[in-house]
Amino acid sequence: MGMSVIVTGNRETVERKIRILKTQIELDIKKEDSRSLANHQLALEAHEDRLNKLNAEGVV
């Protein structure tokens, strides 16, 4: 069963969440927590997609 990620927010919010997720991923790797790592990586991809969409739309 997969996890879906819904990402909303402006550029600043999305960029902040990306930074947080990258930190969480580093911690997951150190703790060898593969379940959390997979979830955080999925969320990171979704947030990066949202940021790319905002950039393409020229939203500030």
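## A tour of the two helices

Select N10 and E12: at the start of helix 1, a side-chain oxygen of N10 comes to within 3.3 Å of the backbone nitrogen of E12. Such a polar contact is a pair of N or O atoms within 3.5 Å; within protein, one must be able to donate a hydrogen and the other to accept it, and residues adjacent in sequence count only if both atoms are side-chain atoms. Helices (H or I, at least four residues) and strands (E, at least two) are DSSP runs, numbered from the N terminus.

This is a predicted model, in which local features need pLDDT of at least 70 and side-chain atom pairs count only at pLDDT 80 or more, while totals for chains, interfaces and linings use all residues. Residues are numbered from 1 along each chain as its sequence is written, and side-chain values use heavy atoms, with hydrogens and water left out.

**Whole chain.** Zoom out. The chain has 2 helices and 0 strands, and its C-alpha trace spans about 40 × 25 × 15 Å along the principal axes. Of its 60 residues, 25% count as buried (under 20% relative accessible area; exposed is over 50%, partly exposed in between; 1.4 Å probe, protein chains only). Accessible surface comes to about 4600 Å², 50% of which belongs to carbon and sulfur atoms (Shrake-Rupley method, 1.4 Å probe; for residues, only the protein chains shown count as cover). Among contacts (heavy atoms within 4.5 Å) between residues at least 6 apart in sequence, 67% join residues at least 24 apart.

**Helix 1.** Select 11–31. The end C-alpha atoms of helix 1 are 30 Å apart, in agreement with the 30 Å that its 21 residues should span at 1.5 Å a residue; the expected span is 1.5 Å times one less than the number of residues. Now colour R11, V14, I18, L21, I25 and D28, which are buried. They lie on the same side of helix 1, because they cover an arc of only 95° around the axis (taken from the directions from the helix axis to the C-beta atoms). Turn to the face away from this buried side to find the exposed residues E12, R19, K30 and K31. Helix 2 is part of what covers the buried residues of helix 1.

**The loop.** Move on to E32, located in the loop between helix 1 and helix 2. E32 is not a glycine, yet its phi is positive, about 55°. Most residues other than glycine have a negative phi. E32 is exposed, with a relative accessible area of 72%.

**Helix 2.** Select 34–57. Show the side chain of H47, which is buried at a relative accessible area of 10%. Leaving out residues up to four places away in sequence, H47 touches V5, V7, V14, K17, I18 and L21. Go next to L37, in contact with I25, D28 and I29 once neighbours within four places in sequence are set aside.

**The core.** Finally, select V7, V14, I18, L21, I25, L37, A43, L44, A46, L51 and L54, the 11 residues of the largest nonpolar core (buried Ala, Val, Leu, Ile, Met, Phe, Trp, Tyr and Cys residues joined through side-chain atoms within 4.5 Å). Helix 1 and helix 2 each supply at least two residues of this core; the largest share, 6 residues, comes from helix 2.
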